[in-house]
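Reader: I am new to this structure and would like to learn how to read it. Could you walk me through some features one by one?

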Amino acid sequence: MIDVRLLPKQPSINRLLQSASALPNAILFDGDAESHPNARFSILSAWPEERYLCLQDQKGYEIRLNEETTAYNSAKDAIQAFRQHLTQRMCHFQVEASTLELDIPLPFIGGLCGAMSYDFGLLLEGVVNQQPRTLDTPLADIGLYGWAIVVNHSNEDRYLVLNESIVSTRTKTFIDDWLTELSVASLKQVDDTHKAPFSLSKPFHQDIPFESYASAFEAIKAYILAGDCYQTNLTQRFSAPFTGKLSTVYSVMRQAAQSPFGGFYQGHNFQLLSVSPERFIECQGDQVETKPIKGTAPRSADPTEDQLTATLLAASEKNRAENLMIVDLLRNDLSRSCIPGSVQVPDLCKIEHFPNVHHLVSTIRGTLQTNKTPLDVLFDAFPGGSITGAPKRRSMEIIEELEPHNRSFYCGSLFYNSVHGHLDSNILIRSFIAYQGQLHCWGGGGIVQDSELDDEYAESLTKVQRWMNLMEEQSERLQQCEAFV
């Protein structure tokens, strides 16, 4: 049975997350972007009934299912066991959407939520790690969640959704107590943001010098000339020492970003904050969609110049060619799970506007095969082609050779898979990973034959500079607040 309860429209999502971030494995899928057509729902949960981890160390791989751990020497065997377990749990709790008697359409009624790292994608594609894993985060960190707060941004109605088949009595007690505390704090109009500290000890710095980026850039150009690849996504990492909780700065980030696919996750040994503009895979019923971004231009404060920049991006042969390469790659990826001949491209290289950049976005749709599940689509297409290059596997091998740090959850995916068949996921770009006192983010872009070094380097900075600046400004503001408390 699915129990749905209407909740008050206060507190705000920011306050909800700030409170929920102290709960075990809190997760937020944030679709609150006023001007974006794909932004409709936000989903918040915590206290998963079960936890599933895929881990890697020097000895091999581990699959941790709740308290039970199994070691594997083979990456292929570990992936197969992990995938099989997730599929079995979804099948166990699966319900037909047509049988649900719900007064409102809900995107999530319990199911799997979590994150898959780009490093997990290396295993899926059979690419061997060549660089040390400087971030020893899980390859995949997923939970089985039996409840959620769902916010419908078309009217700001919000609901507490309880899946009685999954959620335990103990968890329901936790939820009731937590909501009561929230209600009391809301009535008293308590603002305790300053009590959840966030501080950067130093500003963000580049982890590799320009000369190293330039060397990797030229190596990719050489691989293109040799016929190894058509396009490879090259990124660079930025880092800063920090203390505190990423949830504290999320409200500022989400307001500035207006991203339709943002989110937050309190993971196994990391925190994850994302203001991603990019959908990866969505499945609703038998309909599958992906919306790759490839092609970027900076925004301008001058409206005339801003419009000209967008027009030039839309007409750019280089950027359109990059986008088309990835569209072809993703058409092939979706065809692994979709009915032959059903994969179509209704929108090619459409301009979408975000606060700091214009993007070229394409839409690819297909019809799911009857013997396939939404999880199959996610696994078969992972990682997203827009952040690898084409062909995918060879580009990933080149990335692994040239980038000195593992990407961890950057370029991976934050996703949910509801038991009534709805799956949605993002590409974890414009994302920050907190691990062992360091905060990391990445910027990059697709390198093709006619790419220019200075332009690509500038683009990698444009994509993340605003968000790093916001982090630094918010850190300074919170430290000032703390001084007066």
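Reader: How far is the sulfur of Cys411 from the closest cysteine sulfur, and in which residue is that sulfur?

Author: Before the answer, a word on the source: this is a predicted model, where local features need pLDDT of at least 70 and side-chain atom pairs count only at pLDDT 80 or more, while totals for chains, interfaces and linings use all residues. Residues are numbered from 1 along each chain as its sequence is written, and side-chain values use heavy atoms, with hydrogens and water left out. Now the general idea: a disulfide is a pair of cysteine sulfur atoms within 2.5 Å. The closest cysteine sulfur to that of Cys411 belongs to Cys441, 12 Å away, which is too far for a bond. By the 2.5 Å rule, the count is 0 disulfides. Cys229 is in no disulfide either, as its nearest cysteine sulfur, that of Cys411, is 16 Å away.

Reader: Are Cys229 and Cys411 buried or exposed?

Author: Buried means under 20% relative accessible area, exposed means over 50%, and partly exposed is in between (1.4 Å probe, protein chains only). Cys229 has 2% relative accessibility, so it counts as buried. Cys411 is buried as well, with a relative accessible area of 0%.

Reader: How should I read a pair of aromatic rings?

Author: Such a pair is described by the distance of the centres and the angle of the planes. Rings of Phe, Tyr and Trp (its six-membered ring) pair if their centres lie within 6.5 Å; planes under 30 degrees apart are stacked, over 60 edge-to-face, and the rest tilted. Here there are 16 aromatic pairs. In one of them, the ring centres of Trp147 and Trp178 are 6.0 Å apart and the planes are at 65°, so this pair is edge-to-face. It links distant parts of the chain: Trp147 belongs to strand E9 (residues 147-152) and Trp178 to helix H4 (residues 169-187), 31 residues apart. Helices (H or I, at least four residues) and strands (E, at least two) are DSSP runs, numbered from the N terminus. Both Trp147 and Trp178 are buried. Elsewhere, ring pairs join Phe82, Phe120, Phe280, Phe379 and Phe382 into a cluster.

Reader: How many bridges join E4 to E5, and how many join E5 to E6?

Author: Two strands pair if DSSP finds at least two bridges between them. Strands E4 (residues 50-57) and E5 (residues 60-65) run antiparallel and share 6 bridges. Leu53 has Arg64 in E5 as its bridge partner, and the hairpin of E4 and E5 has 2 residues between the strands. E5 is also antiparallel to E6 (residues 68-72), with 5 bridges, and Leu65 stands opposite Glu68. In the hairpin of E5 and E6, Asn66 takes a positive phi near 60°.

Reader: Which residues touch the most other members of the largest nonpolar core?

Author: A nonpolar core is a set of buried Ala, Val, Leu, Ile, Met, Phe, Trp, Tyr and Cys residues joined through side-chain atoms within 4.5 Å. The largest one has 79 residues, and Phe82, Leu112, Met116, Phe120, Ile142 and Ile281 touch the most other members. Helix H2 (residues 75-93) gives the largest share, 7 residues.
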